[in-house]
Number of protein chains: 2
Amino acid sequence: MLPLSILSSGKALPAHRVTSAELDITLAKPSGYVEKRSGIRYRYHAGPDESQSALAARALDDALARGGIDASSIDLLLSAAGVQEQALPSTACRILDLAGLRPGTPGFDISASCVSFLVALEVAAGLLNAGAHRRIAIVASDLASRGIDWGCPEASLIFGDGAAAVVVERGDGTRGIESYRLQTFPEGKAYCEIRAGGTRRNPRVGVDAADFLFRMHGKRVFKLSASVLDGLLAGLLDDAHVTLDDIDTIVPHQASHLGMQHVAARLKVAPERVVDIYATHGNQVAASIPTALHEAFLTGRAQAGQRVMLVGTAAGLTVGGMIIRL
Amino acid sequence: MLPLSILSSGKALPAHRVTSAELDITLAKPSGYVEKRSGIRYRYHAGPDESQSALAARALDDALARGGIDASSIDLLLSAAGVQEQALPSTACRILDLAGLRPGTPGFDISASCVSFLVALEVAAGLLNAGAHRRIAIVASDLASRGIDWGCPEASLIFGDGAAAVVVERGDGTRGIESYRLQTFPEGKAYCEIRAGGTRRNPRVGVDAADFLFRMHGKRVFKLSASVLDGLLAGLLDDAHVTLDDIDTIVPHQASHLGMQHVAARLKVAPERVVDIYATHGNQVAASIPTALHEAFLTGRAQAGQRVMLVGTAAGLTVGGMIIRL
């Protein structure tokens with residue numbers, strides 16, 4: 001086991017709640033269409049004046065307040081977002097500017113799309129066990145609403161904005177990461193993408209408005225994920241020397257209504273063992289897993305001594321999972 | 001010391017070499033102006049059909065070939081770029097698609113602007129020592145030419161494109177990272193930036209062509225860096241329990257002509273102890289430090305048993321340094 005102790009968690013949501021009923025009207029659909037199609041009652045979308053870094057800083061504040069943790073005790077901030085706030089500098093710098101940590105506290109970005117938080121937890125554990133840091137804040141944030149193509153029902157109705165944070169230490173070695181697996185299958189690199197935003201599509205070499213919108217080939221994502229997910233889950237359990245019965249709670253990426261059902265069906269576990277906040281948050285990209293984990297902490301479904309499995313599929317195509325002893 | 005062994009290094013450059021004499025003509029300046037102003041004889045700029053990920057994959061190929069390393073032995077690819085190829089998915093996925101590693105090999109992005117490579121080395125060391133991976137490829141790549149504002153002499157003449165890679169393992173514990181420091185001062189977050197590319201400036205909330213261009217306030221960067229760099233360098237030496245005389249070679253970020261001179265003057269070391277490839281590469285953003293390190297390996301200035309200091313300032317404003325026993 002790789003020692004890691006989660007001291008506290010928190011989350012933040014934009015002020016504006018967007019109901020599916022409201023979207024029915026906006027998109028000129030029959031009443032009930034959006035909720036039926038998306039499986040979501042409401043999600044939150046940032047207004048034009050709200051920023052990703054401000055939302056992230058609020059989530060970190062929440063985690064610090066809930067844990068009674070002094071902001072000045074944090075010695076590294078990891079930003080784990082699917083899409084960054086801007087091309088340069090890192091999103092971490094922009095969060096640090098609002099976070100009230102000690103001057104000079106370092107930060108950098110980790111990005112693996114919707115499983116960025118998983119990766120950041122593993123990276124944090126590595127750094128803490130190497131003695132490079134003592135107390136790390138991980139903040140996941142995404143404003144998916146900025147890239148929604150409202151002309152595409154499959155990829156537009158499911159997204160919500162949000163941020164969530166945890167504070168971690170090495171701990172005393174009695175709790176930590178029992179297994180971790182990450183796999184990338186780049187044949188799926190164009191199955192979910194926003195083509196602009198970097199060196200590939202920009203004004204110098206050519207770009208158009210559609211390049212800033214999120215594109216998804218849902219069926220291809222589903223097919224490729226389905227072909228590799230069983231192996232990943234079996235590997236996670238094997239590596240941790242446990243069976244599914246030893247897992248108290250499963251915290252999946254809140255990818256989609258069908259995606260969530262698929263994970264439960266695949267695992268053959270009762271739905272109540274799976275944390276599901278999808279209907280009231282939507283798919284929050286990198287913020288989904290930590291927001292669902294925070295919900296599990298708040299509702300007593302993730303407690304000290306228990307074992308939690310985090311798992312998700314992500315653009316890239318990347319799949320990742322982790323078993324943590326809390 | 002945190003065990004880490006660098007097995008091999010490599011680099012790649014775009015085909016097109018842009019001389020300062022050529023830029024004098026393009027920019028309608030007197031002969032010799034660009035070289036005098038920038039301190040660069042030539043740099044390389046990618047053509048419109050060249051991609052960041054293809055350049056990165058070539059650098060990785062070079063590192064693998066030079067080390068006689070089987071591509072299938074790599075079990076993680078870390079992409080360490082200042083600016084990504086696109087907003088989603090990670091640049092690592094796009095590199096993996098071209099890299100010929102084993103199917104499923106995971107990858108993710110680490111971003112801390114011009115010191116991303118330093119941070120990636122530390123993260124890799126953490127993961128290797130945690131037993132999460134056995135052999136990691138770190139690939140730094142940037143196509144700064146995509147964001148150059150040719151109307152701004154200060155920020156346009158100094159940049160070159162490039163990529164460099166290293167392959168690392170934990171090793172036997174006799175070599176590794178003797179000290180590592182990273183600090184972020186977010187009051188400098190707007191001193192070097194590209195505002196577009198993410199959730200802040202995009203077509204949904206408003207963006208204009210200038211938002212895609214790199215902006216720099218050179219004097220502010222210099223002043224803030226100068227105020228924190230001495231402390232960082234002293235801390236690095238203290239943590240490693242060495243003095244500057246114990247450092248064989250210094251590999252700074254190739255930020256600018258003045259920046260390079262400043263590091264040498266500040267350290268009071270003879271110029272020949274500082275690796276300087278700036279005149280023939282320019283500032284290659286995150287690719288600068290590993291390209292200069294590769295040069296040090298090739299020219300025998302970084303050899304097994306020697307001690308090398310990597311150091312740089314970066315957008316954010318972030319400063320970082322590392323002392324490695326090779």
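Predicted model: local features only at pLDDT ≥ 70, side-chain atom pairs only at ≥ 80, totals over all residues.
Local features need pLDDT of at least 70 and side-chain atom pairs count only at pLDDT 80 or more, while totals for chains, interfaces and linings use all residues. Residues are numbered from 1 along each chain as its sequence is written, chains are lettered from A in the order in which they are written, and side-chain values use heavy atoms, without hydrogens and water.

A:Ile323 belongs to strand E14 (residues 318-325) of chain A; strands are DSSP runs (E, at least two residues) and helices likewise (H or I, at least four), numbered from the N terminus. With a relative accessibility of 0%, A:Ile323 counts as buried (under 20% relative accessible area, 1.4 Å probe, protein chains only). Beyond its neighbours within four places in sequence, A:Ile323 is in contact with residues including A:Gly176, A:Ile177, A:Leu236, A:Val242 and A:Met309, contact meaning heavy atoms within 4.5 Å.

UniProt, in an unreviewed entry, places the feature "domain: Beta-ketoacyl-[acyl-carrier-protein] synthase III N-terminal" at residues 108-183 of chain A; such annotations may be inferred rather than shown by experiment. Over residues 108-183, the chain is 24% helix and 37% strand, with its end C-alpha atoms 22 Å apart.

In chain B, the axes of helix H3 (residues 52-67) and helix H4 (residues 91-99) come within 8 Å and cross at roughly 60°; axes are lines fitted to C-alpha atoms over the stretch in contact, and angles run from 0 to 180 degrees between N-to-C directions. Residues of H3(B) that meet H4(B) include B:Ala56, B:Leu60 and B:Asp61, and among their counterparts in H4(B) are B:Arg94, B:Ile95 and B:Leu98.

Key:
Buried < 20%, exposed > 50% of the residue type's maximum accessible area, 1.4 Å probe, protein only.
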